[in-house]
Amino acid sequence: MVFDRSYRFAYANQALLDMWGSTWEKSIGKGLLENGYEPWHAQMHEREIDQVMATRQTVRGEVSFPHATLGKRIYDYVFAPVLNELGEVEAIAGTTRDITDIRQAQEQIQESEARFRSLLEEAPVATMLMVGPEHIIELANEAMIRMLGKAASIVGQPATVAVPELASQSYLQLLNQVYTSGTTYEAKAMPGELVINGETQLHYFDFTYKPLRNAAGQVYGIISMATDVTEQVLIQLQATKNQRELLALFEQSPIGLATISTDEALVFQWVNPFYGQLVARKPEELVGKPLLVALPEIKGQGFDAILHNVIATGTPFIAPEIAVDILRDGELTTIYVDLTYQPRKGTHGDVEGILVVATDVTQQVMSRKKVEESESKLRAILATAPAGIGLFVGRDLVIDNPNQTFIDIVGKGPHIAGLPLREAMPELISEGQPFLQILDDVFTTGDPFISPGSLVKIIQNGVLTDNYYNISYSPVRNASGEIYAILDIAIDVTQEVKARQQLQEAEATLRGAIEVADMGTWELDMQSGITTYSPRLKDLFEFTHDFIEWDRLYSPIHEADQARLEAAVKRAASPDSDGLLDEEYTIVTQRTGRHRIVRAQAKMFSDQQGNPKKLVGSMRDVTEQRQTQWALEQQVQQRTEELAAANEELAATNEELAATNEELEASNEEYAALNEELEEANSLLIRSNDNLQTFAYVASHDLQEPLRKIQQFGDLLKTRYATSIGEELVYLERMQSAASRMSSLIKDLLNYSRISTQRDMSTLVPLGSVVERVLTDLEVVILETGAQITVEPLPSLSGDATQLGQLFQNLLSNALKFRRNGIVPQISIRSARVASAALPPSVKPARVAPVYHRIDVIDNGIGFDEKYLDRIFQVFQRLHGKREFAGTGIGLAICEKVVANHGGAITASSQLNKGATFSVYLPA
């Protein structure tokens, strides 16, 4: 809501109107009493509004009163001043919200806390509530006080003061840990010393420390619940002692023996030396530790689950030749044991412990597995291998057990089994091939022979063929270690070898072509971000490494081209693009800092899922071509200018020759008159600047004040004639509307006059920050219209930040104002560098520069007819009626003045109902 100085509502949002059960027409322009406020309520707010206007400070408050349908409601509110450009309070902005549910929730929390405390007091378990990092005892029930042997006066004391003997024990450390981490801590049979009646006593407790959190989720206290289990623990300790005496009889047993507790951790209670040898640990390294802590390498092997099942069911577990991975000498080693988990039951049939019996059978299991594995591997290789496999038995190399692939390679049919190799493949001799001699050498020396991609000439189906194979000849020995056969494995790699040969030829041809064209190649891996490049590019960039990482990919690129090249790579990686990249940019070499102009062309390749995989391309140094091109362009421009100047000089010379002596004599008189006119013009300019400053003050203060009076008295008259049925209200509304338009016109004229005054243009202004501030100022309009605005990276340039802000404020305001009904506004701001020679003919910047920044503001609004292009940047020129779109017709004139002040130019293009594009050219 917004109040004017007469306590009347000037604005209220829909949420507030719904709260009142009112409408805009019934509430706006009316006072507090007219909107249903009680007299005491209205007087209170009027006093607070007066306070805000007098002090310019925000006022906050809370009030409750009955609602028509919801009963008693509680509201909080804020009143804040709205200042004009002179720092005067023009209005009071206010917000309010219904906090009834919040207050009721707070009362319910207080009631819940009271019930909680009552339950703790009456709990049969020893319970204590400690608050804050000092663990102040806020509540301790009778059971807790009895267990600690203290008086009820411990309530209100820190835990270390109430129970000082705990300070040297781990209980206080655990309290701090729970308070800090917010994690519950539970313990069973934990020892602790208490001073009771002046005597230190050892007790054992089952206890829990549980953190308590406030509404914000922060830990504010700890609740402790404890049970004294000293008697049970002492009984268990005695039973354990008896058990150890019994197990001592097994200390020297040659079988691995151990006992394990039945709790969740499965703690080793006793281990004999042989069990320690079996798991490669000393007994003292195991006893007292949980199973998975003492033997972490068995985690995931299932033994803890088996033990828990034995404990739960009471049924022994017996299994022969169980594989166990044990860490020995720093390496994970597999051993095999005959394993028994025997539950030890108490008098009531409960399992009180587990007896572990383990016999090492590793040697016999490994021996058997080696034989089985060897036989299984050989059978699997012969049966399923895609390679040609066969045995050559004896010095005659008789073919034995050839698989189908081997038979297909030989190409003589399945009857080759049982034939010497020289008879099955006579082409080995007729074609002078070395393989028979190589096989004989393997038979003699026992050294295997391996040859990848060997050429073998084979007569297959009556035709001599040239094929390539990966060949392996391995000697096979009998039980006495003597070689009795050779295992032949041959894999056909003909297609791969020929493809590789073709690829090598193509690569050699391509490298030659690239070298001739003075080009380099590069490849960007989109997954790893690593870019590799050819030696030519390495020399060009003066790199010292053979690759470059992603975070340094654009560092060799001139900073003016980095954003454009990065955007081009992103476009090539987009699934909607053709994956092509073709860019020309400048690089700065690493060692010498030379500037080189290169042209990069590349193609993006994707994986089977359509994700970009790698960008492969070439690069060529075009520095000399571009320099030559620029030099030619400059020469042409220079010659053109010289020719034009010569023509002008020739025409002037002809005119001067035709001039009469009388004109020469009159020139002195004209010169004197010109000096007088110049002096008058200077005097007039000084007076104009003074008048302009005076007008700025009058427009900002003296002219605005009567308009504010007109609007205020108009509000009073509207209130007085609110019940009138005549045309009085219509006339008043027209009067206020005209006053509002006059106020806007004066403000715009003031802005235009201020811009007409030159300022310091030497400050470097980042346009991205300017646009960001403008978007923040327009945030309300953007949210109301749902506009979608995209801003590409913008350059920095020398100028005045305030004037540039007005430039983008007017352009974006127009784009939002002149939107089409029912169409979401789409606005984009783009930037590009344009050489002076590439400027459109209609663009005439106020200052000559070699390069300009072109900033485009593009919208999808109603647009305009381009035949009015020469009018839109003139003062008071409007293409739409005032009833359609508000405005004074000065905004674009301000834009044109700002651009001219910065040495640039502005133009526009549009079509009706298809949006408009405003292009600003500013010197780089």
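A: **A sheet and the helices beside it**

Strand E13 and strand E14 (residues 331-345) pair in the antiparallel sense over 10 bridges. The model is a predicted one, in which local features need pLDDT of at least 70 and side-chain atom pairs count only at pLDDT 80 or more, while totals for chains, interfaces and linings use all residues. Residues are numbered from 1 along each chain as its sequence is written, and side-chain values use heavy atoms, with hydrogens and water left out. Helices (H or I, at least four residues) and strands (E, at least two) are DSSP runs numbered from the N terminus, and two strands pair if DSSP finds at least two bridges between them. Within this pairing, Phe-317 has Tyr-341 of E14 as its bridge partner.

The two strands belong to an open sheet of 5 strands, with antiparallel pairing and the order E12-E11-E15-E14-E13. Strand E12 (268-271) and strand E13 (317-328) stand at the edges; each has a single partner strand, so one side of each is left without a neighbour in the sheet. On average, neighbouring strands of this sheet are turned by 30° against each other, direction ignored. Helix H12 (residues 303-313) packs on the sheet and touches strand E11 (256-260), E13, E14 and strand E15 (351-360); contact means heavy atoms within 4.5 Å. The direction of H12 makes about 5° with that of E14. Such axes are lines fitted to C-alpha atoms, for helices over the stretch in contact, and the angles run from 0 to 180 degrees between N-to-C directions.

Val-365 is found in helix H13 (residues 362-384). Leaving aside neighbours within four places in sequence, Val-365 is in contact with Glu-321 and Tyr-336. Val-365 and Ala-323 lie 42 residues apart in sequence and 9.6 Å apart in space, C-alpha to C-alpha. Val-365 counts as buried because its relative accessibility is 1%; buried means under 20% relative accessible area, exposed over 50% and partly exposed in between, with a 1.4 Å probe and protein chains only.

Elsewhere, helix H3 (residues 39-55) has 17 residues, which at 1.5 Å a residue should span 24 Å, and its end C-alpha atoms are 24 Å apart, in agreement. The expected span is 1.5 Å times one less than the number of residues. Buried residues of H3 are His-41, Ala-42, Met-44, His-45, Glu-48, Ile-49 and Val-52. Seen down the axis of H3, its buried residues fall within an arc of 160°, so they line one face of the helix; the arc is that of the directions from the helix axis to the C-beta atoms. Arg-47 and Ala-54 are exposed on the other side of H3. Arg-56, which follows H3, has a positive phi near 60°.

A further antiparallel arrangement involves strand E24 (residues 580-588) and strand E25 (residues 595-606), paired over 9 bridges. Glu-584 stands opposite Arg-599 in E25. These two strands form a hairpin with 6 residues between them, and Gly-593 in the turn has a positive phi of about 70°. E25 also pairs in the antiparallel sense with strand E26 (residues 612-621), over 9 bridges, and Met-604 has Leu-615 in E26 as its bridge partner. The hairpin of E25 and E26 has 5 residues between the strands, and Gly-610 there takes a positive phi near 85°.

For the protein as a whole, the secondary structure comes to 28 helices and 33 strands. Buried residues make up 35% of its 924 residues.
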